[in-house]
Amino acid sequence: MVATKEDLLSLSSSFSKIIKRGFGKGPETCYTVLRANRLYVYIRNFMTPAEEILAEKQEYNLLMNFRSSVLTALSQDLVQEASLVLGISFDSFYQDWNYNSNSGILLLVNNSFNPDVKIDESFERKLFQLVRMVGSELHKIPNELKVVKYTQNICAIESKGVMLPLDYLMVEQGNSDLLFTYAREIKKGYYQHRELFEELFNRSIEDLFMMWDFKNNKCYLIFSFNKVYT
(Lines give C-alpha, C1' and ligand atoms only; values in the text may rest on other atoms or scores of the structure.)
Protein backbone atom coordinates (compact mmCIF):
# COMPACT_ATOMS: atom_id res chain seq x y z
CA MET A 1 0.00 0.00 0.00
CA VAL A 2 1.10 3.56 -0.77
CA ALA A 3 0.06 5.83 2.08
CA THR A 4 -1.52 9.15 1.12
CA LYS A 5 -0.67 12.42 2.78
CA GLU A 6 -4.12 12.36 4.38
CA ASP A 7 -3.47 8.88 5.82
CA LEU A 8 -0.23 10.01 7.44
CA LEU A 9 -1.76 13.24 8.79
CA SER A 10 -4.62 11.24 10.28
CA LEU A 11 -2.17 8.77 11.80
CA SER A 12 -0.04 11.58 13.28
CA SER A 13 -3.15 13.02 14.95
CA SER A 14 -4.18 9.61 16.28
CA PHE A 15 -0.71 8.93 17.67
CA SER A 16 -0.70 12.30 19.45
CA LYS A 17 -4.05 11.49 21.06
CA ILE A 18 -2.94 8.02 22.19
CA ILE A 19 0.25 9.44 23.70
CA LYS A 20 -1.72 12.20 25.43
CA ARG A 21 -4.09 9.62 26.88
CA GLY A 22 -1.15 7.75 28.41
CA PHE A 23 0.86 10.72 29.67
CA GLY A 24 -1.77 13.38 30.26
CA LYS A 25 0.07 15.53 27.74
CA GLY A 26 0.69 15.09 24.04
CA PRO A 27 3.61 16.13 21.82
CA GLU A 28 3.70 19.56 20.24
CA THR A 29 4.79 17.96 16.96
CA CYS A 30 4.14 14.44 15.70
CA TYR A 31 5.10 13.62 12.12
CA THR A 32 4.87 10.20 10.43
CA VAL A 33 6.73 8.88 7.38
CA LEU A 34 6.19 5.47 5.78
CA ARG A 35 9.08 3.90 3.88
CA ALA A 36 8.45 0.38 2.58
CA ASN A 37 8.07 -1.82 5.69
CA ARG A 38 8.96 0.83 8.28
CA LEU A 39 6.92 3.63 9.80
CA TYR A 40 8.97 6.46 11.31
CA VAL A 41 7.26 8.71 13.83
CA TYR A 42 9.15 11.93 14.68
CA ILE A 43 8.19 13.66 17.91
CA ARG A 44 9.18 17.11 19.17
CA ASN A 45 8.60 19.12 22.33
CA PHE A 46 7.09 16.39 24.46
CA MET A 47 7.90 16.32 28.15
CA THR A 48 5.57 16.22 31.14
CA PRO A 49 6.26 18.43 34.18
CA ALA A 50 7.43 15.40 36.17
CA GLU A 51 9.83 14.45 33.37
CA GLU A 52 11.17 18.01 33.24
CA ILE A 53 12.04 17.77 36.93
CA LEU A 54 13.81 14.44 36.42
CA ALA A 55 15.73 15.88 33.45
CA GLU A 56 16.81 18.92 35.48
CA LYS A 57 18.12 16.59 38.19
CA GLN A 58 19.80 14.44 35.50
CA GLU A 59 17.88 11.38 36.67
CA TYR A 60 18.03 9.98 33.17
CA ASN A 61 17.58 6.32 34.07
CA LEU A 62 14.37 7.08 35.98
CA LEU A 63 13.22 9.26 33.11
CA MET A 64 13.96 6.62 30.47
CA ASN A 65 12.41 3.84 32.55
CA PHE A 66 9.22 5.84 33.06
CA ARG A 67 8.78 6.94 29.46
CA SER A 68 9.75 3.63 27.87
CA SER A 69 7.40 1.75 30.22
CA VAL A 70 4.43 3.96 29.39
CA LEU A 71 5.15 3.91 25.63
CA THR A 72 5.57 0.14 25.70
CA ALA A 73 2.18 -0.13 27.40
CA LEU A 74 0.70 2.07 24.66
CA SER A 75 2.53 0.28 21.84
CA GLN A 76 -0.28 -2.19 21.13
CA ASP A 77 -2.74 0.67 20.55
CA LEU A 78 -0.20 2.53 18.41
CA VAL A 79 0.54 -0.55 16.31
CA GLN A 80 -3.15 -1.36 15.88
CA GLU A 81 -3.93 2.20 14.78
CA ALA A 82 -1.06 2.23 12.27
CA SER A 83 -2.10 -1.15 10.87
CA LEU A 84 -5.72 -0.01 10.55
CA VAL A 85 -4.93 3.27 8.79
CA LEU A 86 -2.15 2.00 6.51
CA GLY A 87 -3.34 -1.55 5.89
CA ILE A 88 0.06 -2.95 6.93
CA SER A 89 0.74 -5.25 9.86
CA PHE A 90 3.62 -4.23 12.12
CA ASP A 91 5.53 -6.77 14.24
CA SER A 92 8.11 -4.65 16.05
CA PHE A 93 7.99 -1.38 18.00
CA TYR A 94 11.06 0.70 18.90
CA GLN A 95 11.59 4.06 20.60
CA ASP A 96 14.39 6.44 21.51
CA TRP A 97 14.47 9.88 23.10
CA ASN A 98 16.91 12.78 23.34
CA TYR A 99 15.94 14.84 26.35
CA ASN A 100 18.47 17.61 25.75
CA SER A 101 16.78 18.43 22.41
CA ASN A 102 13.31 17.31 23.60
CA SER A 103 12.95 15.07 20.58
CA GLY A 104 12.19 11.43 19.98
CA ILE A 105 11.43 8.81 17.39
CA LEU A 106 9.19 5.76 17.24
CA LEU A 107 9.79 3.02 14.69
CA LEU A 108 7.26 0.38 13.66
CA VAL A 109 8.51 -2.46 11.47
CA ASN A 110 6.90 -5.19 9.38
CA ASN A 111 9.46 -8.00 9.52
CA SER A 112 7.98 -10.06 6.70
CA PHE A 113 10.12 -8.23 4.13
CA ASN A 114 13.23 -6.07 4.21
CA PRO A 115 13.65 -4.23 0.89
CA ASP A 116 16.98 -2.87 -0.25
CA VAL A 117 17.64 0.86 -0.38
CA LYS A 118 19.39 2.13 -3.50
CA ILE A 119 22.60 3.82 -2.46
CA ASP A 120 25.97 4.46 -4.07
CA GLU A 121 28.18 1.44 -3.36
CA SER A 122 31.32 3.49 -2.74
CA PHE A 123 29.50 5.76 -0.28
CA GLU A 124 27.90 2.77 1.45
CA ARG A 125 31.29 1.10 1.87
CA LYS A 126 32.79 4.25 3.42
CA LEU A 127 29.77 4.67 5.70
CA PHE A 128 29.99 1.08 6.96
CA GLN A 129 33.73 1.43 7.52
CA LEU A 130 33.10 4.53 9.63
CA VAL A 131 30.30 2.89 11.61
CA ARG A 132 32.53 -0.10 12.35
CA MET A 133 35.47 2.09 13.29
CA VAL A 134 33.49 4.27 15.69
CA GLY A 135 31.42 1.35 16.96
CA SER A 136 34.52 -0.73 17.75
CA GLU A 137 35.31 1.75 20.55
CA LEU A 138 31.80 1.45 22.00
CA HIS A 139 30.34 -2.02 21.44
CA LYS A 140 30.76 -5.27 19.52
CA ILE A 141 31.39 -4.71 15.81
CA PRO A 142 28.16 -5.69 13.97
CA ASN A 143 28.10 -8.86 11.91
CA GLU A 144 25.89 -7.18 9.34
CA LEU A 145 25.04 -3.59 8.38
CA LYS A 146 22.24 -2.41 6.11
CA VAL A 147 21.03 1.07 5.15
CA VAL A 148 17.24 0.90 5.49
CA LYS A 149 16.47 4.56 4.79
CA TYR A 150 18.47 7.37 3.21
CA THR A 151 16.93 10.71 2.25
CA GLN A 152 17.82 14.39 2.42
CA ASN A 153 16.61 14.39 6.03
CA ILE A 154 17.63 11.07 7.51
CA CYS A 155 19.90 8.03 7.30
CA ALA A 156 18.83 4.87 9.14
CA ILE A 157 21.20 1.91 9.52
CA GLU A 158 20.21 -1.53 10.76
CA SER A 159 22.98 -3.40 12.61
CA LYS A 160 22.78 -7.13 13.38
CA GLY A 161 24.97 -9.20 15.68
CA VAL A 162 25.83 -6.33 18.04
CA MET A 163 25.65 -8.05 21.44
CA LEU A 164 28.38 -9.53 23.63
CA PRO A 165 27.83 -12.30 26.22
CA LEU A 166 27.77 -9.64 28.95
CA ASP A 167 24.98 -7.83 27.11
CA TYR A 168 22.90 -11.02 27.09
CA LEU A 169 23.53 -11.41 30.81
CA MET A 170 22.26 -7.89 31.54
CA VAL A 171 19.12 -8.60 29.50
CA GLU A 172 18.51 -11.95 31.19
CA GLN A 173 18.88 -10.38 34.64
CA GLY A 174 16.58 -7.51 33.71
CA ASN A 175 19.13 -4.92 34.82
CA SER A 176 17.32 -1.97 33.26
CA ASP A 177 19.47 0.70 34.96
CA LEU A 178 22.66 -0.75 33.55
CA LEU A 179 21.08 -1.27 30.12
CA PHE A 180 19.83 2.32 30.00
CA THR A 181 23.26 3.65 31.02
CA TYR A 182 25.00 1.37 28.52
CA ALA A 183 22.73 2.43 25.63
CA ARG A 184 23.06 6.10 26.54
CA GLU A 185 26.86 5.98 26.65
CA ILE A 186 27.04 4.22 23.27
CA LYS A 187 24.82 6.85 21.67
CA LYS A 188 26.88 9.59 23.29
CA GLY A 189 30.02 8.02 21.79
CA TYR A 190 28.57 8.12 18.27
CA TYR A 191 27.45 11.72 18.77
CA GLN A 192 30.93 12.73 19.91
CA HIS A 193 32.20 11.49 16.53
CA ARG A 194 29.47 13.28 14.61
CA GLU A 195 31.97 15.50 12.74
CA LEU A 196 33.34 12.40 11.00
CA PHE A 197 29.84 11.45 9.88
CA GLU A 198 29.00 15.03 8.90
CA GLU A 199 32.08 15.11 6.68
CA LEU A 200 31.01 11.88 4.99
CA PHE A 201 27.34 12.87 4.63
CA ASN A 202 28.27 16.47 3.77
CA ARG A 203 25.42 17.56 6.03
CA SER A 204 25.10 18.75 9.60
CA ILE A 205 23.62 16.25 12.04
CA GLU A 206 20.74 17.68 14.05
CA ASP A 207 19.92 14.56 16.09
CA LEU A 208 21.10 11.00 16.57
CA PHE A 209 18.99 8.08 17.77
CA MET A 210 19.77 4.47 18.67
CA MET A 211 17.07 1.85 19.18
CA TRP A 212 18.01 -1.55 20.56
CA ASP A 213 16.36 -4.90 19.95
CA PHE A 214 18.17 -7.05 22.51
CA LYS A 215 15.86 -10.01 21.88
CA ASN A 216 16.88 -10.22 18.23
CA ASN A 217 20.47 -8.97 18.67
CA LYS A 218 20.20 -5.87 16.52
CA CYS A 219 19.86 -2.11 16.71
CA TYR A 220 18.98 0.87 14.55
CA LEU A 221 21.29 3.88 14.27
CA ILE A 222 19.50 6.93 12.89
CA PHE A 223 21.09 10.22 11.83
CA SER A 224 18.72 13.16 11.45
CA PHE A 225 19.91 16.02 9.24
CA ASN A 226 18.64 19.56 9.75
CA LYS A 227 14.85 19.70 9.97
CA VAL A 228 12.94 16.47 9.32
CA TYR A 229 9.57 18.22 9.33
CA THR A 230 9.87 20.20 6.12
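How do the residues of the lining of the largest pocket divide into nonpolar, polar and charged? Keep that in mind as you load the model, which is a predicted one.

**Stop 1: the pocket**

Start with the largest pocket, which holds about 1,300 Å³ of space. Select Met64, Gln95, Asp96, Ala183 and Met210: of the 39 lining residues, these are the closest to the pocket's centre. Now colour the lining by class, and you have your reply: 16 nonpolar, 13 polar and ten charged residues.

Next, show the elements around the space. α3, β3 (92–98), α6 (176–192) and β7 (205–213) each give two or more residues to the lining. Helix α6 supplies the largest share, with nine residues.

**Stop 2: from α6 to the sheet**

Stay on α6 and bring up β7 and β8. The helix lies across both strands and runs at about 145 degrees to β7. Now show the whole open sheet: four strands in the order β5-β6-β8-β7, paired antiparallel. Click on β5 (144–150) and then β7; these are the edge strands, each pairing on one side only. Look along the sheet and you'll see a twist that averages 15 degrees from one strand to the next.

How many bridges join β7 to β8? Select residues 218–225 for β8 and count along the antiparallel pair: there are eight. For a landmark, pick Asp213, which stands opposite Lys218 in β8.

**Stop 3: α2 against α3**

Go back to α3, one of the elements on the pocket lining, and select it as residues 60–86, together with α2 at 49–56. The two pack at an angle of about 150 degrees with their axes 8 Å apart, which means α2 is roughly antiparallel to α3. Show side chains for Glu51, Leu54 and Ala55 on α2, then Tyr60, Leu62, Leu63, Phe66 and Arg67 on α3; these make the contact. By class, that's six nonpolar and two charged residues, with no polar ones.

**Stop 4: α4 against α7**

Last pair: select 121–135 for α4 and 194–201 for α7. Their axes are 11 Å apart, and the packing angle is about 180 degrees. The helices are therefore roughly antiparallel to each other.

Note on methods. Residues are numbered from 1 along each chain as its sequence is written. This is a predicted model: local features need pLDDT of at least 70, side-chain atom pairs count only at pLDDT 80 or more; totals for chains, interfaces and linings use all residues. Side-chain values use heavy atoms; hydrogens and water are left out. Axes are lines fitted to C-alpha atoms, for helices over the stretch in contact, and angles run from 0 to 180 degrees between N-to-C directions. Angles under 35 degrees count as roughly parallel, over 145 as roughly antiparallel, 65 to 115 as roughly perpendicular and the rest as oblique. Contact means heavy atoms within 4.5 Å. Ala, Val, Leu, Ile, Met, Phe, Trp, Tyr, Cys and Pro count as nonpolar, Asp, Glu, Lys and Arg as charged, and the others, Gly among them, as polar. On a 1 Å grid over the protein atoms alone, a cavity is a set of points where a 1.4 Å probe fits but cannot get out, and a pocket is an open set with protein on both sides within 12 Å along at least five of seven lines; lining residues have an atom within 4 Å of a point. Grid points are joined across faces, edges and corners, and a volume is the space filled by probe spheres set on the points. Two strands pair if DSSP finds at least two bridges between them.
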